[in-house]
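Here is a short briefing for a reader new to this structure. Start with the view below, then take the topics in turn.

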Amino acid sequence: MDKKVVFISGASGSMGSQVLECVMRTHKFKGLILLRKKPANEKLAKKLAKKWGEELEIVFGDISNKEDCEYIASKADYVFHCAAIIPPTSDHHPKAAEKTNLFGTMQLVDAIKNSPRADQIKYVHIGTVAEYGNRDWRHPWGRVGDPLVPSVYDFYAITKLRAERYVLEADLPHWVVLRQSGVLHHNLFANNLEDGLMFHTCWNVPIEWATAHDSGVLLQHIAEYDSEGTMKEGFWNKIYNIGNGESCRVTGYDTMDTGFGLMGAHAEDFFKPHWCAARNFHCFWYYDSDLLDEYTHFREETWDDFWAQMKKLNWYFALGRIVPKSLISKLAIQRLFKDTNAPMYWINNGIEGRVNAFFGSREKWEAIPRDWKDYKLFRKNQIIDDDGNVVDYEYRRDIKNAKQFLLDHGYDESKPDSELDIEDMRQAAAFRGGKCISETMTKGDLYTKLEWECHDGHRFWSSPYTILKGGHWCPECCQPAPWNFDALAKKIPFFAQVWYDTHEKDEDKFYEKNCYEDILANDPKNKK
Ligand SMILES: [Zn+2]
């Protein structure tokens, strides 16, 4: 029998390259990749051609080019769409991010949809945790179906949210959306010490990381199990969160402390609390990431495994042990305050919109303790809740206690999907501040589109799956930009339940649709 063809987009990236390696090393598939024509990719193509020979077809082109996508659809049995321009690159080049992440996805999805082979193609779309927006200790656990309230200025999240919705509404015969988490990869340190993005991570944000290697295994197993007929029933046409599970459920503080800890010190020795954002980030612990592992058995690495590899692979950790920490802080970290993506740059240069979005206000930033002994860390049980009780970190982190911290999806979730009917749609719409306009639906049919109306009178057609299970809502007012969540949260209880965790009820900020361009004029990285 002929080998099935696996197409991987973004094969030069940190996720795509792992996926390619994992799929090819099985020798069960023919690989197909698309690389943009540039010197680094020509070099990569030579290396890959030598390594995989006839088993890998390398095409030079671009995902936003119709003909290239039609060629892929004419050959591939599995389409693994890993290509994306991600932060920090997307922050400095938003137009390029939109072209690849949104228009590229639309082109690829259209090509599959219009192909005579559409029924044979299984499309795997990579979404992102950034679509969910910010979390803290109040709702540290999240899951698919939670509201999508992407952080202000995060244009990357917007391109991914819109692309994902396009996939959900395209009626492809076989698809899955895998919302990727923060990815632990071997260049994590080197890459982050080039950009102010590092400081967007809040100290107290709950994060469940995914490793690049295991993300590769994940897609390898999807191709293997599906082609061998061993994939458990019910896998396709759903959305999942990717996360490495219990050991990788940490906080922003742990991440810095463990990484910099490889130099024999603590986060406190390198950072000050007020250098990092206080809100407007993303990530949480996944209540449902174990489900994806039950289908695909992709988890091979733990948190400790990853950092052990990092220590072995990167010489600079050993060097860091003998250099004074204050010097490392000055040369490697504080140097980044000049980067237009760094919160300290916004503070020092009067970029008030970002100061408001990431700190609440300049006064709130000024009130952040400068000394670690005064700063309250979730990780160290230093936060006191509104009732005067200590917020117990380990208690909250235990998945057995997670249910009480989950967000409401606005319909009776104890019902099996097959029992959901028009009354559930009406309830869900009301919780989103709107209405279900359609008067009937076939009970349990989550994929036939219904008509809905938001609080502002916008009407749209979307499947019950997209709305109830995907967490999407009005394509006009809830797929920023502009970012208008202070106003929306007043009308949409579904958003309000998480928005006010990190925003004041009387905040009244509005962020223009192109507000993220504010840093570009003085951005040397944008000139490149
Ligand atoms: Zn609307």
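This is a predicted model: local features need pLDDT of at least 70, side-chain atom pairs count only at pLDDT 80 or more; totals for chains, interfaces and linings use all residues.

Residues are numbered from 1 along each chain as its sequence is written. Helices (H or I, at least four residues) and strands (E, at least two) are DSSP runs, numbered from the N terminus.

**Helix pair**
- The axes of α3 (residues 66–75) and α5 (residues 94–113) come within 8 Å and cross at roughly 45 degrees.
- That makes α3 oblique to α5; oblique angles are those left after under 35 degrees (roughly parallel), over 145 (roughly antiparallel) and 65 to 115 (roughly perpendicular).
- The contact (C-beta atoms, placed from the backbone, within 7 Å) uses Lys66, Cys69, Glu70, Ile72 and Ala73 of α3. From α5 come Gln107, Leu108, Ala111 and Ile112.

**A helix with buried residues**
- In α9 (residues 252–261), the buried residues are Gly252, Tyr253, Asp254, Thr255, Asp257 and Phe260.
- A buried residue has 20 or more other C-beta atoms within 10 Å of its own, with C-beta atoms placed from the backbone.
- Their cover includes β9 (206–208), β12 (249–251) and α10 (267–270).

**Sheet**
- Three strands form an open sheet in the order β14-β15-β16, with antiparallel pairing. Strands pair if DSSP finds at least two bridges between them.
- β14 (435–436) and β16 (459–462) are the edge strands, each pairing on one side only.
- Four bridges join β15 (residues 450–453) to β16.
- Glu451 stands opposite Trp461 in β16.

How values were computed
Axes are lines fitted to C-alpha atoms, for helices over the stretch in contact, and angles run from 0 to 180 degrees between N-to-C directions. Two residues are in contact if their C-beta atoms, placed from the backbone, lie within 7 Å. A residue is buried if 20 or more other C-beta atoms lie within 10 Å of its own, exposed if 12 or fewer, and partly exposed in between; C-beta atoms are placed from the backbone.
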